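Hi everyone, and thanks for coming. I'd like to walk you through one structure this morning, so please have a look at the model on the screen and we'll go through it together.

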Amino acid sequence: MTSGPGDPQIVPISPVFGAEIHGVDLASGIDDETFRLVHQAWLEHGVVAFRDQSPLTADAQVEFALRIGPLHTHPAAPAEHANAAVFVIRTHRDSSISNGNGWHSDVSCDEEPPSATMLQIQLLPHCGGGDTLFADMEAAYATLPATTRERLCGLSAIHASAHVYPGRYADRSDGKEALATPSAVHPVVRTHPETGRRSLFVNPSFTVAIDGMDSAEGGELLTELHEHCTRPEFQIRHRWQPYDVLLWDNRRVQHFAIWDYWPNERSGHRVTVQGTRPFFDPEGPEPDESPLRLSIGRLA
Ligand SMILES: O=C(O)CCC(=O)C(=O)O
Ligand SMILES: [Fe+2]
């Protein structure tokens with residue numbers, strides 16, 4: 001039976017962003033009205049976690065992602081799954097790296113980075129752990145002083161991958177595939193193409209420099225921004241249950257997949273949706289004043 005209208009219960013995870021969705025069974029397929037509701041919830045909350053799921057076939061996962069838009073192909077990771085649109089997430093005893101183990105927005109080094117990422121974790125580490133953190137870059141932007149926001153709105157940053165991708169997916173190939181290491185210049189503050197809201201679009205994994213600034217000045221600004229962006233007030237933490245499905249908006253959030261479970265194994269399937277080129281609309285609205293009250297770090 002497909003999930004019908006009125007089924008989804010959307011429960012916010014924090015006052016800032018993120019929501020859990022109950023009452024939707026993705027493996028059975030969802031009708032258009034249910035899709036509309038979860039799509040709207042995804043845009044509103046930035047990350048949605050579908051609970052109480054069963055294993056999705058690659059075809060079912062791809063079919064859902066295609067309802068959001070055409071799929072994105074990873075520039076550097078050779079396909080490991082029979083369905084080339086599926087990116088296998090797997091970390092085990094012999095892994096030298098674990099995918100996503102650092103703050104990032106997926107493939108922000110692409111000219112047109114992914115909009116949505118849909119991930120189902122199917123095997124959880126026996127010892128627990130393997131949570132995924134998210135940070136809301138709309139909140140990060142909205143809590144900056146007005147003068148800082150004004151300054152950042154005129155800036156662009158360089159997102160690179162030559163320091164990230166070479167060797168990273170060596171275990172997935174015989175080394176014969178051409179390895180692409182894209183780089184792109186993106187606005188530091190981006191306007192969301194669907195909601196019109198502004199967010200900070202820099203991350204410590206791919207963003208290597210501020211365009212037109214020397215490395216000392218740009219590096220100092222990026223360090224300050226990364227520190228601000230990863231404040232706990234902007235974060236949620238997803239503790240996976242088997243077969244949960246997460247759908248996040250890379251145009252709005254960063255994430256960090258914690259590798260605290262070695263030597264245990266964790267695995268799942270990811271599918272990404274093609275995004276458009278990030279842009280900044282100077283005519284767009286500034287956010288309302290944030291209700292967050294950020295205290296200066298202080299030991300009591
Ligand atoms: O494994 C995870 O929780 C997320 C890994 C990651 O960063 C990704 O799939 O984009
Ligand atoms: Fe990621």
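Cover here is about contact, meaning that the C-beta atoms of two residues, placed from the backbone, lie within 7 Å. Buried means that 20 or more other C-beta atoms lie within 10 Å of a residue's own; exposed means 12 or fewer, partly exposed is in between, and again the C-beta atoms are placed from the backbone. The helices (H or I, at least four residues) and strands (E, at least two) are DSSP runs, numbered from the N terminus.

Before going on, a word on what you are looking at. This is a predicted model, where local features need pLDDT of at least 70, side-chain atom pairs count only at pLDDT 80 or more, and totals for chains, interfaces and linings use all residues. Residues are numbered from 1 along each chain as its sequence is written, while chains are lettered from A and ligands numbered from 1 in the order in which they are written.

Back to helix 1. Which of its residues are buried? They are T34, V38, W42 and H45. These cover an arc of only 90° around the axis, which puts them on the same side of helix 1; the arc is that of the directions from the helix axis to the C-beta atoms. As background, an α-helix has 3.6 residues a turn, so residues three or four places apart point the same way. On the face turned away from the buried side of helix 1 you'll find the exposed residues D32 and Q40.

The length of helix 1 works out too. Its 14 residues, 32-45, should span 20 Å at 1.5 Å a residue, and the end C-alpha atoms are 20 Å apart, which agrees. The expected span is 1.5 Å times one less than the number of residues. Just after the helix comes G46, with a positive phi of about 85°.

Now helix 2, residues 58-68, where Q61, F64, A65 and I68 are buried. Looking down the axis of helix 2, these residues fall within an arc of 95°, so they line one face of the helix. Their cover includes helix 1, strand 5 and strand 15 (266-272).

Let's zoom out. How many helices and strands does the chain have? There are five helices and 15 strands. The radius of gyration is 19 Å, close to the 19 Å that the globule rule gives for 300 residues, so the chain is as compact as a globular protein of that length. That radius is taken over C-alpha atoms, and the globule rule is 2.2 Å times the number of residues to the power 0.38. Along the principal axes, the C-alpha atoms fill a box of roughly 55 × 50 × 45 Å. Of the 300 residues, 39% count as buried. Among contacts with a separation of 6 or more, 83% come from residues 24 or more positions apart.

On to the ligand. Around ligand 1 sit I89, N99, G100, D106, T117, L119, T132, H255, A257 and R270. Strand 5 (116-123) and strand 14 (253-257) are the elements that give two or more residues to this shell. To be near the ligand, a residue needs its C-beta atom, placed from the backbone, within 6 Å of it. By class, the shell has three nonpolar, five polar and two charged residues. Ala, Val, Leu, Ile, Met, Phe, Trp, Tyr, Cys and Pro count as nonpolar, Asp, Glu, Lys and Arg as charged, and the others, Gly among them, as polar.

Next, some backbone details. Most residues other than glycine have a negative phi, and most peptide bonds are trans. V107, in the loop between strand 4 (87-91) and strand 5, has a positive phi near 45°. With 26 C-beta neighbours inside 10 Å, V107 counts as buried. Y243 has a positive phi near 75° and is found in the loop between strand 12 (235-238) and strand 13. Y243 counts as buried too, with 20 C-beta neighbours inside 10 Å. A cis peptide bond, with omega about 10°, joins W262 and P263, and P263 lies in the loop between strand 14 and strand 15.

To finish, find I158 in strand 7 (residues 156-159). I158 and T207 are 49 residues apart in sequence, yet 5.7 Å apart in space, C-alpha to C-alpha.
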